[in-house]
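Reader: I'd like to go through this model with you before I set anything up. Could we start with the strands and then move on to the pockets?

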Amino acid sequence: MASEILVPTPTRDADTLSRPAFAMPAGACDSHVHVFGPVDRYPHVAQPHYTLPEGPAPMLERMTRGLGLARFAIVQPSFYGTDNSCMLDALDELGGRARGVAMVEDSVDDETLQAMHQRGVRALRLDLFLRAQWPIAQIVDYIQRSAERVRPFGWHLQFYTPGTVVRDLIPAMPDIASDFVIDHMGYMLESDGLTRTDFYRLIAAVAGGSGWMKLSGPYRIAKDGNYARLLPYAQAIVDALPERTIWGSDWPHIPNGQMDTGALLNLLGEWVPDEARRNRLLSDNPARLYDFQP
């Protein structure tokens, strides 16, 4: 049932992860991770979709260092809603190798956003799953208002959205007034009625505007584990957006904490065999997007 609360499995130990099958570039970045803390310190939303996962900052740091990932972007999970305390505390703890992606209420003031910027936040995550039943015009207005809010800080928007909403947003994408990132390769599930034609329309719209694509969450698209069938999609993204593609692991892989993050990283060796291109999306592109300092 859709209302069932998932129970994440324990997160796999970093020492057991597959190691990179290719040379990792300096400044390699995991552009999609989450952090979770003790429930008595960081309360969750009233009706979370899952129970507390195992994903504290020290465990994240062990995973990234073990895989040669010098940097990472901590994305605010729906588990905490717009209370960014856990993510912000992790930024304070982990320092300059980390950046944050926050979720906020429409009523947030500039002083709060500026304080987040000082602590390392560089983007707003828009939960369009939560707003999927809105009329598309209302979603577009929400996106444009969010773009105006982040403009003074040089932030981008990150879309957490079902593929059906992604498809319906395609006509509006060239006019979005800030950089924006679409998670999980567009989340265009065939089971939701989305087609290869929809995907290529999406890539053209993103390339024609200020959008970015994230190679992340392959197990959320190929739910049967057949990642080979994602190869043409991943290559189409990189071909169309060589300077606006990034990679993320989606650690700690809710609800399957035992997933091998190293094996997910190694998919890039098949999807992006050209070393220069692969280094660009692992290092150069995220450095520019997240404002990492040399």
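Reader: Why is strand β5 described as largely enclosed by the rest of the structure?

Author: Bear in mind that this is a predicted model. Strand β5, residues 156-160, has four of its five residues buried, so it is largely enclosed by the rest of the structure.

Reader: Which way do β4 and β5 run relative to each other, parallel or antiparallel?

Author: They run parallel and are joined by five bridges, and among the paired positions leucine 124 has leucine 157 in β5 as its bridge partner. Together with α4, these two strands make a right-handed β-α-β unit.

Reader: And what joins β5 to β6?

Author: Three bridges join β5 to strand β6, residues 180-182, and the two strands run parallel; phenylalanine 159 stands opposite isoleucine 182 in β6. The chain gets from β5 to β6 through helix α5, residues 163-169, in a crossover that is right-handed.

Reader: How many residues of β1 are buried?

Author: Five of the five residues in β1, which spans 29-33, are buried, so the strand is mostly covered. β1 runs parallel to strand β2, residues 71-75, with three bridges between them, and cysteine 29 has arginine 71 in β2 as its bridge partner.

Reader: Switching to pockets, what volume does the largest pocket have?

Author: Its volume is about 1200 Å³. The lining has 46 residues, and the closest to the pocket centre are His49, Ser78, Asp127, Phe129 and Tyr160. The elements giving two or more residues to that lining are β4, α4 and α7.

Reader: How do the residues of that lining divide by class?

Author: The lining of the largest pocket divides into 24 nonpolar, 11 polar and 11 charged residues.

Reader: What about the second largest pocket, which residues lie nearest its centre?

Author: Met188, Leu189, Glu190, Ile221 and Tyr233 lie nearest the centre, out of 14 lining residues. The second largest pocket has a volume of about 210 Å³, and its lining divides into eight nonpolar, two polar and four charged residues.

Reader: How many cavities of 30 Å³ or more does the structure hold?

Author: The structure holds three of them, and the largest cavity has a volume of about 40 Å³. Helix α9, residues 261-271, supplies the largest share of the lining of that cavity, with four residues. By class, the lining has seven nonpolar and three polar residues and no charged ones.

Reader: Serine 249 looks interesting to me; where is it found?

Author: Serine 249 is in the loop between β8 and α9, and Ser249 is also among the residues that line the largest cavity.

Reader: Why does serine 249 count as buried?

Author: Serine 249 has a relative accessibility of 1%, so it counts as buried, given that the cut-off for buried is under 20%.

Reader: What does the side chain of serine 249 make a polar contact with?

Author: The side chain of serine 249 makes a polar contact with the side chain of aspartate 30 at 2.5 Å, and it also reaches the backbone nitrogen of tryptophan 251 at 3.1 Å.

Conventions. Residues are numbered from 1 along each chain as its sequence is written. This is a predicted model: local features need pLDDT of at least 70, side-chain atom pairs count only at pLDDT 80 or more; totals for chains, interfaces and linings use all residues. Side-chain values use heavy atoms; hydrogens and water are left out. Buried means under 20% relative accessible area, exposed over 50%, partly exposed in between (1.4 Å probe, protein chains only). Two strands pair if DSSP finds at least two bridges between them. On a 1 Å grid over the protein atoms alone, a cavity is a set of points where a 1.4 Å probe fits but cannot get out, and a pocket is an open set with protein on both sides within 12 Å along at least five of seven lines; lining residues have an atom within 4 Å of a point. Grid points are joined across faces, edges and corners, and a volume is the space filled by probe spheres set on the points. Ala, Val, Leu, Ile, Met, Phe, Trp, Tyr, Cys and Pro count as nonpolar, Asp, Glu, Lys and Arg as charged, and the others, Gly among them, as polar. A polar contact is a pair of N or O atoms within 3.5 Å; within protein, one must be able to donate a hydrogen and the other to accept it, and residues adjacent in sequence count only if both atoms are side-chain atoms. A crossover is right-handed if, with the strands pointing away from the viewer, the path from the first strand over the helix to the second runs clockwise.
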